[in-house]
Amino acid sequence: MSANARPAPHRVLVFGASGHVGAFAADAIAGSNRNVALRVATSSVDKAGELKARYPSAEIVQADYMDLQSLVAAFDGVDAAFLITPDFRIDEQRAMINVCAAAHAAGTQPHLVKLTGVTIGINNANELRPSLREYPGPALQYQQARAVLNASGLPVSFLNSFAYFMDDLLTVWLLPLLNRRVLSAPFDRSTTFVDTRDLGEAAARLLLEPHDREHDGYMHHVTGTERIRFSEVATMLTEVLGVEITYEDDPQAFKDDVEEVVNMHFGPGATDYFVEFCLNEQKEEPLFIVTDVLQHLLGREPRTLRDWIEEHKSAFFPESTALPS
Ligand SMILES: NC(=O)c1ccc[n+]([C@@H]2O[C@H](COP(=O)([O-])OP(=O)(O)OC[C@H]3O[C@@H](n4cnc5c(N)ncnc54)[C@H](OP(=O)(O)O)[C@@H]3O)[C@@H](O)[C@H]2O)c1
């Protein structure tokens, strides 16, 4: 072990353990054969019971990124923590400043592992296009989190999902899929998809391993297994679900389908922002790469999009389970 290595942790804190990624990180830690205590945090008191049922031997704490006192209590005795924040609905800078203050107060120099979704090669807010820099959406949030955490002097790593979550097919793109049998994803561009179970497990690996301080600020750029365009995803959905899904490259149609729901959930302007985000991905396509980092972290092949669709067939069109694939 290098002289700069921090030993494996004794107590790990996981935020967002009731949601995407965090739940699977907590599962992997709870199921590991390491001698490590798990503490899971939720900002919502209503979720404490559900978390206690899922993690009976874990400590459950209520902690809110906006409430410093609750964070100080949550970080007490912790030497590694998984951080995940919601898109749009939080002041990311303030949240991360509070996290760093609480982590310093713990006196244990906890290793912070933050989930981001940065385009590889975009390294600070000034490098974002104005439309993404001037709206408090995820592209800006990722860079704000990086800036605050990297300046904190704490051991920090980023699990950077340069990939859409496969689950998004059942949320972001679901309405037009069900209502019109189209994959409405404007600006047909190369992308990848990652399974949130794999991401959570990868986060657990980063948290449970000794952390070398020479790697502070390191971005673990994880992607899916293959480069794929949304038009090709439509073809894959058709093949696996046995239901004809047409690809639609029409920003206005996309907005018409989702604007009401998205703006209600994420705030005014969120749909326009999302369209800009997608257009930006098309412009940044030359920066697009697929990495083997996820495979390396997991020590096995990550799950593929085709297998994920097969597994979730009945969630799309229950009747398609009866159709030949
Ligand atoms: N979807 C994608 O394709 C994709 C791709 C790459 C990266 N990402 C990134 O992944 C991250 C998570 O996305 P998501 O859709 O899974 O997010 P999410 O479920 O909306 O939020 C993540 C978690 O944050 C916790 N949380 C919310 N407010 C909090 C607060 N004030 N204090 C403490 N915890 C709080 C929630 O847990 P509690 O309610 O229990 O507190 C929740 O489970 C985002 O940063 C997103 O940009 C997403």
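The model shown here is predicted.

View 1. In the side chain of tyrosine 142, an N or O atom is 2.5 Å from a ligand oxygen atom. Serine 43 places a polar side-chain atom 2.6 Å from an oxygen atom of the ligand.

View 2. How much of the ligand's exposed area does the protein bury? On its own the ligand exposes 900 Å², and the protein buries 84% of that. Two elements each give two or more residues to the shell around the ligand: β6 (111-116) and β8 (164-165).

**View 3. The residues of the shell.** The ligand has 25 residues around it, and those that come nearest are Ser43, Lys47, Asp87, Tyr142 and Asp168. Sorted by class, the shell holds 10 nonpolar, 10 polar and 5 charged residues.

View 4. An unreviewed UniProt entry lists residues 11-259 as "domain: NmrA-like". This span is 39% helix and 21% strand, and its end C-alpha atoms lie 42 Å apart.

**View 5. Confidence along the chain.** The chain has a mean pLDDT of 95, with 98% of its residues at 70 or more. Over residues 321-325, pLDDT stays under 50, and the model has 11 contacts there beyond four places in sequence. Where pLDDT is low, predicted coordinates should not be read in detail.

Methods:
Residues are numbered from 1 along each chain as its sequence is written. This is a predicted model: local features need pLDDT of at least 70, side-chain atom pairs count only at pLDDT 80 or more; totals for chains, interfaces and linings use all residues. Side-chain values use heavy atoms; hydrogens and water are left out. A residue is near a molecule or strand if one of its heavy atoms lies within 4 Å of it. A polar contact is a pair of N or O atoms within 3.5 Å; within protein, one must be able to donate a hydrogen and the other to accept it, and residues adjacent in sequence count only if both atoms are side-chain atoms. Accessible areas come from the Shrake-Rupley method with a 1.4 Å probe; for residues, only the protein chains shown count as cover. Helices (H or I, at least four residues) and strands (E, at least two) are DSSP runs, numbered from the N terminus. Ala, Val, Leu, Ile, Met, Phe, Trp, Tyr, Cys and Pro count as nonpolar, Asp, Glu, Lys and Arg as charged, and the others, Gly among them, as polar. pLDDT is the predictor's confidence in each residue, from 0 to 100. Contact means heavy atoms within 4.5 Å. UniProt positions are given in the numbering used here, feature names are shortened, and annotations may be inferred rather than shown by experiment.
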